[in-house]
Amino acid sequence: MTDLPRKAITRTAKLAALPLGFAGRATWGLGKRIGGRPAEIVAREVQQRTAEQMFKVLGELKGGAMKLGQAMSVFESALPEEIARPYRAALTKLQEAAPPMPSRTVHAALEERLGPDWPELFQEFEDKPAAAASIGQVHRAVWHDGRTVAVKVQYPGAGEALLSDLSQLSRFARVLGPLVPGLDVKPLIAELRERVAEELDYELEAASQRIHAEEYAQDTEIVVPEVVHQSDQILITEWLEGVPLSEVIADGTQEERDRAGQLLARFLFSGASRTGLLHADPHPGNFRLLTGDAPDGPPERWKLGVLDFGSVDRLPGGLPEPIGIALRMALEGDAAGVYDLMRGEGFVKPTIELDPDDLLDFLLPMLEPAQVDAFVFDRQWLRSQAARMADRHSPVYELGNQLNLPPAYLLIHRVTLSTIGVLCQLGATVRMRDELEAWVPGFAADPESGDRAEADAQEGPAANAGEEAADGAEEEPEAAETSA
């Protein structure tokens, strides 16, 4: 691997080889079975070879190919165990590392963006990357003032590669989809494509990270490194030392898993409320468990470090209040209320008629984490949910296909599902209801504001848009202040 492959024809050829490779391995497997080898063993070998090739190609190409691989990796927990096992190691590799850029390319980029005297800005600079991701790689260094820093360098041609990859991958969505049953790959690719510009804009990323770093500066549980320097295609932040979440998933103790899971849920729900931004890239490579001076506990002293703010959803008022109201009404068994609210928000289109009780039955199994004081997220639970939704002969499948996902909720939905996937990989016990009550507007019942909000939500977003514009500052002063 010598550089980021930029020629569209080169990248397209590699991506086009994926479905051909899948077909070839299927033929190879058929030959092995005819030769007398047990079908189960052959199937596992085919799956393992498929995983190795798929994620080798996605990892080498970086760009949109690797971005898709990382997005798919958090759904590994939903796979049946006999399928998941050969994929797990290959998926995990994408969460922490990828083939690096050569040093000469890194030095050229630093010289172009920081000037010919760029080495003088650092006391030390490690040419070997500490991490590599979809559009850039990170080098550990010591800034001229003595601070240990992370230097993120964007791959040359990353923008072109991202757009080219995602365009090509959308053509193969039908082939890639079965690799992660229950995951609709095509909308995922479309959403990743829509966010390309933000991912490439390090100035925008630096601004989002500064907002989070300032808000969480005095927090005792969440750590966001400060931005040290930013220029076009170069982002330098304070170094964050900790155990990568992927290592906790692989080898962590149950205490580490539970603590990391609780803090991950807390960050998911508190971030939008406290900063007006939702961190939209929750794969394990972007998180660290910081045990600090208490590596053996107590877990209450451990913190969660958060990295990579290139992809965020802008939610000035925090998470939409109808989410909390719908969750609360569902847990209270108010089928009619949930149905009216979801219709008002656009989840049920005007041309669709559903039975409210059927809709509630569809939702409640997915809301189990909020029904108890502490919920054990595990792969078996997620697999059961995925199987329930993917059974084409089930009424649940038919009802799910009749629901609509409004654009305003698209990224919130994906981030939530991805976070749940990570929690199930951790096998963490999480007090989810505590986080919902603390951070999700409308979930904790308020006799006055709750009734008013429910009425507003049932009228739909268009009906109360004017009232929100006029009263927003008065009704949500804390959200407005923190997001500013």
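Which residues are buried in helix 15? I looked this up in a predicted model. The buried ones I noted in helix 15 are L359, L360, F362 and L363. I then looked down the axis of helix 15: its buried residues fall within an arc of 155°, so they line one face of the helix.

Next I checked what that face packs against. The buried residues of helix 15 pack against helix 13 (321-331), helix 14 (335-345), helix 16 (379-390) and helix 17.

Helix 15 spans residues 356-363 and helix 17 spans residues 395-402. Their axes are 10 Å apart, and the packing angle is about 100°. Angles of 65 to 115 degrees count as roughly perpendicular, so helix 15 is roughly perpendicular to helix 17. On the helix 15 side, I listed D358, L359 and F362 in the contact; helix 17 contributes V396, L399 and G400. By class, the residues of this contact are four nonpolar, one polar and one charged.

D355 caps it, with a side-chain oxygen 2.8 Å from the backbone nitrogen of D357.

Last, I turned to helix 14, where E345 lies. Is E345 buried or exposed? I read a relative accessible area of 13% for E345; buried means under 20%, so E345 is buried. For its side chain I found a polar contact of 2.7 Å with the side chain of Y409.

Key
Residues are numbered from 1 along each chain as its sequence is written. This is a predicted model: local features need pLDDT of at least 70, side-chain atom pairs count only at pLDDT 80 or more; totals for chains, interfaces and linings use all residues. Side-chain values use heavy atoms; hydrogens and water are left out. Axes are lines fitted to C-alpha atoms, for helices over the stretch in contact, and angles run from 0 to 180 degrees between N-to-C directions. Helices (H or I, at least four residues) and strands (E, at least two) are DSSP runs, numbered from the N terminus. Angles under 35 degrees count as roughly parallel, over 145 as roughly antiparallel, 65 to 115 as roughly perpendicular and the rest as oblique. Contact means heavy atoms within 4.5 Å. Ala, Val, Leu, Ile, Met, Phe, Trp, Tyr, Cys and Pro count as nonpolar, Asp, Glu, Lys and Arg as charged, and the others, Gly among them, as polar. Buried means under 20% relative accessible area, exposed over 50%, partly exposed in between (1.4 Å probe, protein chains only). The arc is that of the directions from the helix axis to the C-beta atoms. A polar contact is a pair of N or O atoms within 3.5 Å; within protein, one must be able to donate a hydrogen and the other to accept it, and residues adjacent in sequence count only if both atoms are side-chain atoms.
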